[in-house]
Amino acid sequence: MRSSLSARLTYRIMAVVLVMMVVIAGVVYYKVREYMLDEAQDRHLSILLEHYHDMRRKLSEVYMAIENNVHEVERDIGQPDLMFDHMERVVRQNPTIACSYVLFKEYYYPSRGRVFIPCARRDEADTVFVARIDTTYHNETADYLLHERLPKDESCWTKPYYESEQFANGQERRLLTTYAVPVHDGDGQPVAMFCADLALEEISDTIVHDIKKMVGHYEKGQRHQSYFFVIDWQGTIIMHPDEGRIAKTLPADVGRAMKASRGRCVTEIDGVESMLTYRSISPVGWVMVFVTPLDAIQKNARTLNIIILAAMLLGLLAIYLFCRWQIKDIADPVAMQKANLEHELKIANGIQMAMLPKTLNRPSEAIDLYAALTPARDVGGDLYDFFLRDNRLFFCIGDVSGKGVPAALMMAVVRAMFRSEVRRTDSAVAIVDTMNRTIGEESTADYFVTMFVGILDLTTGRLDYCNAGHEKPIIAGQPLEIKPNLPVGALSYWTYEGQQTRLQSGDMLFLYTDGLSEAQNVAEEQFGRNRVLQLVRAHGTDTAQQLVEFMDGEVKRHSGDAEQSDDITLLAIRWRQPERLTMLATMDEIGRLEPFIAHAAQRAGMAVSDAKRLRLAVEEAVANVINHGQATAITLQAAIEGRQVVITIDDDGLPFDQTADSTTDLSVPADQRPPGGLGIMYLHKMADGLDYQRTDGHNILRIRKNK
Amino acid sequence: MFKITLSEQAGIENRSAEKLVATLVGDLDNAASTEAARGFEPVFERTDCDIVIDCTQLNYISSSGLRIFLNIYKHFHGHGHWVILKRMSDDIRVVLSLGGFLQLFHTED
């Protein structure tokens, strides 16, 4: 009940929204990452394209210079000395070319020795020197060109290499690549390779520097930064920001990851998960590679995702607040209707409780009665009632099983039924029986009522009772003996057994519902039947109200802060043999005299035989009033005055002075006297004193008897 | 509470006739007198025997009870038979004595 409809609705909406948000966040993250990779690829390719053209231009210059001049070299092949002029011209005309030379096969010019290499070279100061490289010259590139490419009559770009000491001429050795074309003699046979060297530093310095600058700007503060390198078709590194790696080979798996002539791939390089954007340079077969750590790309995607998630959480919070605030108005009418219904029933319950009197509205000398019902928070099903009729007290206490609206309705029905039954039924078992059958026949609900119904004769103290599965009442400090009957409404054909007992004057009858005995404190300890019994015993002389209020206080003290889970109903009834007796003036009522007189005599400590004489006097006087006085009601009072018990008989009949009317002549034998007068004779014989007065239309006769 | 039981008994002592025995238990007061009168009805059909009224457990008697006793006396005495009151308590004996009834009945302890 505590979790309201709006709260449940809110949580469900939020769960759905949360799932949607997680899915959205996942999709967004995946898509954003893809987009970022695409975007990075495009950006990097455009950077590469810029340098691609630069590189191609420089490579083309070398290529064109060699291709354009090879015919002149071939034309003048018969004149070795002219070769120097050609070489010098090529270098002078092409600033890109660091060195140009012709590698002739060994002993091609027998007069020039084994090795003849006419050469022109640009130095640091851009001055062109012409030289002949002689026999001491040897390097791998020359071997490759002469022994691999020349026989096949193929032109080629060599893989990068560091120039020889001899060429460096004391300067730092430069990284070079060489373009070479075969030179043919007059017979068309390849006899030499016409070569031009390109210093890679010139290109790489610019590109690597440019890219480093750009990356430094965009990826400031990142642990792993983007960089750029170039490899040739064999995987040899041509350009790299780390100069130590130049001319070394790239790991094979990285090379394999790049499949097309341009594009991107994701692979691990130097232990960093990276995206490689690459583009090949077609004439040389080189590949430009732009390496970007994935972190650098995805950092933005991740940041974006965090922002999205934060926004979603805020949205979720907003939805929660909105739901709590708005759904209450929309959805809670349903719950409110229910609450209203319960509230109204509680009010109805309260009114019904309020109509239950705490005590008898017409005080009786014989009865001291007090009742209290403390309802639990929810509407509940405790009930009690009492009703005075024909000098008898009809009372009941009951507890409807279950709680809530059905129990409250049931309780109202049961109480109404009891009220109706007690007006026409004189036996407790008959009342219970009728109620059980009525409920069993008319109700399909699985509700039943534990009940104790009692009828207490106020004159005699005789208690006629029937216990239908209720807590044992306590009578004079002892649990009342009860038969094991089913609760009312449990089984419509159950035969109930009634019981009788007799209260002694002054006995206290204490009834309660299990809300009392089962009241729990915070530690879930029950108040307990035994404690109820002990407390009733200890407070045996209290008035009914004192006992009920004391018990109520004790159970509240026991419960402390624990919530009351069940109704608590307490009913205390003390019976005292009445010292006043009101009866109808009929012979049917005359039996009520005996206990009244017996009680008065007992109170006065009168001897049994004297009590019998007093009884005879009173009984004869009352019988005379009934038989001759035409009275409707007779009231008797008993009082102890000194050594005498005084019984006052008050009737509303014709004036009738029984003190004056003793005419029986006792000297006549009893069987020969005229009828009548015998009663008055005994009245006079048995009483120790008689007086009569007529007041306000009432005969008042006092009979005195010595103790 | 009042109860009456009737039974027959063979003659005893010097009387040869049969005897009716009426055993009374409880209080023969005004409230019980109607019931008592009804209980005694069968004895008024008998004219051939004495009657013993066993008062051992009779606790109390009022004038209406005495009227019944008187009617029984008149009936049996009229037919020449005895009415014997057996084992009356002192209280009952006093009531009968005060009303002058004791002389009408034979008593037996």
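Residues are numbered from 1 along each chain as its sequence is written, while chains are lettered from A and ligands numbered from 1 in the order in which they are written. Because the model is predicted, local features need pLDDT of at least 70 and side-chain atom pairs count only at pLDDT 80 or more, whereas totals for chains, interfaces and linings use all residues.

The secondary structure of chain B comprises 3 helices and 5 strands, where helices (H or I, at least four residues) and strands (E, at least two) are DSSP runs numbered from the N terminus. Read from the N terminus, the elements of chain B follow the order β-β-α-β-α-β-α-β. Of the 109 residues in chain B, 34% are buried; a residue is buried if 20 or more other C-beta atoms lie within 10 Å of its own, exposed if 12 or fewer, and partly exposed in between, with C-beta atoms placed from the backbone. Among the contacts in chain B between residues at least 6 apart in sequence, 72% join residues at least 24 apart, two residues being in contact if their C-beta atoms, placed from the backbone, lie within 7 Å. B:Arg87 is partly exposed, with 14 other C-beta atoms within 10 Å.

The contact between the chains takes 20 residues from chain B and 20 residues from chain A. On the side of chain B that touches chain A, the elements giving two or more residues are helix 1 (30–40), helix 2 and helix 3 (90–98) of chain B, and helix 2 of chain B gives the most, with 7 residues. By class, this side of chain B has 9 nonpolar, 6 polar and 5 charged residues; Ala, Val, Leu, Ile, Met, Phe, Trp, Tyr, Cys and Pro count as nonpolar, Asp, Glu, Lys and Arg as charged, and the others, Gly among them, as polar.

Two packed helices are described by the angle between their axes and the distance between the axes. Helix 15 (residues 678–686) of chain A packs against helix 2 (residues 63–78) of chain B at an angle of about 125°, with their axes 9 Å apart; axes are lines fitted to C-alpha atoms, for helices over the stretch in contact, and angles run from 0 to 180 degrees between N-to-C directions. Helix 15 of chain A is therefore oblique to helix 2 of chain B, given that angles under 35 degrees count as roughly parallel, over 145 as roughly antiparallel, 65 to 115 as roughly perpendicular and the rest as oblique. In this pair, A:Leu678, A:Gly679 and A:Tyr682 of helix 15 of chain A meet B:Ser63, B:Leu66 and B:Arg67 of helix 2 of chain B, and the residues of the contact divide into 3 nonpolar, 2 polar and 1 charged.

Within chain A, 5 strands form an open, antiparallel sheet in the order 14-15-16-17-20, strands being taken to pair if DSSP finds at least two bridges between them. Strand 14 (382–389) and strand 20 (499–502) of chain A are the edge strands, each pairing on one side only, and the twist averages 15° from one strand to the next. Strand 17 (residues 462–468) of chain A is joined to strand 20 of chain A by 4 bridges in an antiparallel arrangement, in which A:Asp464 has A:Gln500 as its bridge partner. Helix 8 (residues 404–422) of chain A packs on the sheet, where it touches strand 14, strand 15 (392–400) and strand 16 (449–457) of chain A, and its direction makes about 10° with that of strand 14 of chain A.

Strand 6 of chain A runs antiparallel to strand 7 (residues 190–199) of chain A, to which 9 bridges join it, with A:Thr178 partnered by A:Asp197. These two strands form a hairpin with 5 residues between them, and A:Gly188 in the turn has a positive phi of about 85°. Strand 4 (residues 156–157) of chain A is also antiparallel to strand 6 of chain A, through 2 bridges, and A:Trp157 stands opposite A:Tyr179.
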